[in-house]
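Welcome! Please take a moment to look over the sequence and the 3D structure before reading on.

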Amino acid sequence: MATIRDKYVLDVDVRGGVDKLNKLGAAGEGVRTRFLGIKTAVAGAFTAIGAVGVGSLVKNVAEVSARTQDLKTALETVTGSAANADKAFGFIQDFATRTPFDIDTLTETFIKLQASGIEPTEELLKAFGDAASVSTDKIGAMEAAADLFSRSVSGGLGLEDLNRLADRGIAVFPILEEKLGLTRLEVSEFGKTAEGAAKIQQALIEGFQEEFGGGMERSVDNLSTSLSNMGIAADNALLAVGEGGL
């Protein structure tokens, strides 16, 4: 038979156990509250990161779309219609993926030639590109070749643009001496007439094809070409996103 003392001890033990359970419950609730706070903070961080990512994507899409629109507008001016501009831009995009040159450089070259009355065929651009590929300043050499041809359509071919090509490692003067028998001093006088300028242009095209043919193909595995093509692919992807709607 339990005594009064035994009942007292039991009662104290029970109250102590209840108190411990209550304390554990309070501690558990505190842990839960802190966990919910961490979860909310993490979710907020990911939301912020996502917002930055989407914002950056929208910005990049807008920039590429705007630049492409500007290029097509310039092409429309020299080709005569929006349909011709789209066709020209498609040709430039395709050509760019097979060369070390970006779309902007090729579009500028295309416009210069077309505006001066020279048809910017793949054969002509390939001759320019093959010659420019041997230079450490490929873009500068491509621009110099386009300037030389576009400025000398009606004659008045000067030494300045020839020197720009020569300075970039393209042997224009040996080509002209071999093809036309012209020394450096004779080139300027010979190129003053439209007929003379046309002969110089044709001689250079033939010389580029013979001396540098396949230059772009040989550089296709270079890191610079790979990076250029990656950039073109990225721009095309962004452009597709813009045209398809965000």
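This is a predicted model: local features need pLDDT of at least 70, side-chain atom pairs count only at pLDDT 80 or more; totals for chains, interfaces and linings use all residues.

Residues are numbered from 1 along each chain as its sequence is written, and side-chain values use heavy atoms, with hydrogens and water left out.

**Overall make-up**

The protein has 11 helices and zero strands; helices (H or I, at least four residues) and strands (E, at least two) are DSSP runs, numbered from the N terminus. Of its 246 residues, 33% are buried, where buried means under 20% relative accessible area, exposed over 50%, and partly exposed in between (1.4 Å probe, protein chains only). A contact means heavy atoms within 4.5 Å. Among contacts in the protein with a separation of 6 or more, 65% come from residues 24 or more positions apart.

**The core**

A nonpolar core is a set of buried Ala, Val, Leu, Ile, Met, Phe, Trp, Tyr and Cys residues joined through side-chain atoms within 4.5 Å. The largest one here holds 45 residues, and F149, L162, L204 and F208 touch the most other members. Elements giving two or more residues to this core include α1 (4-79), α5 (138-151), α6 (159-167), α7 (172-180) and α9 (194-212). The greatest share comes from α9, with seven residues. Leaving aside residues up to four places away in sequence, L162 touches L148, L157, V172, F173, L176, V187 and L204.

**Two helix pairs**

Two packed helices are described by the angle between their axes and the distance between the axes. Axes are lines fitted to C-alpha atoms, for helices over the stretch in contact, and angles run from 0 to 180 degrees between N-to-C directions.

| Helix pair | Axes come within | Crossing angle |
|---|---|---|
| α5 and α6 | 9 Å | roughly 160° |
| α7 and α9 | 9 Å | roughly 110° |

Angles under 35 degrees count as roughly parallel, over 145 as roughly antiparallel, 65 to 115 as roughly perpendicular and the rest as oblique. So α5 and α6 are roughly antiparallel to each other. On the α6 side, their contact is made by D161, L162, R164 and L165. The residues of this contact divide into six nonpolar, one polar and five charged. Here Ala, Val, Leu, Ile, Met, Phe, Trp, Tyr, Cys and Pro count as nonpolar, Asp, Glu, Lys and Arg as charged, and the others, Gly among them, as polar.

By the angle of their axes, α7 and α9 are therefore roughly perpendicular to each other. From α7, the contact uses V172, I175, L176, K179 and L180, and the residues from α9 include L204 and F208. By class, the contact of α7 with α9 has nine nonpolar, one polar and five charged residues.

G155 sits in the loop between α5 and α6. Is G155 buried or exposed? Its relative accessibility is 11%, so G155 counts as buried. G155 lies 36 residues from G191 in sequence, yet their C-alpha atoms are 6.0 Å apart in space. Not counting residues up to four places away, G155 touches G191, K192, T193, A194 and A197.

Q209 belongs to helix α9. At 35% relative accessibility, Q209 counts as partly exposed. Its C-alpha atom is separated by 7.9 Å from that of A131, 78 residues apart along the chain. Q209 also touches E123 and A127, again not counting residues up to four places away in sequence.
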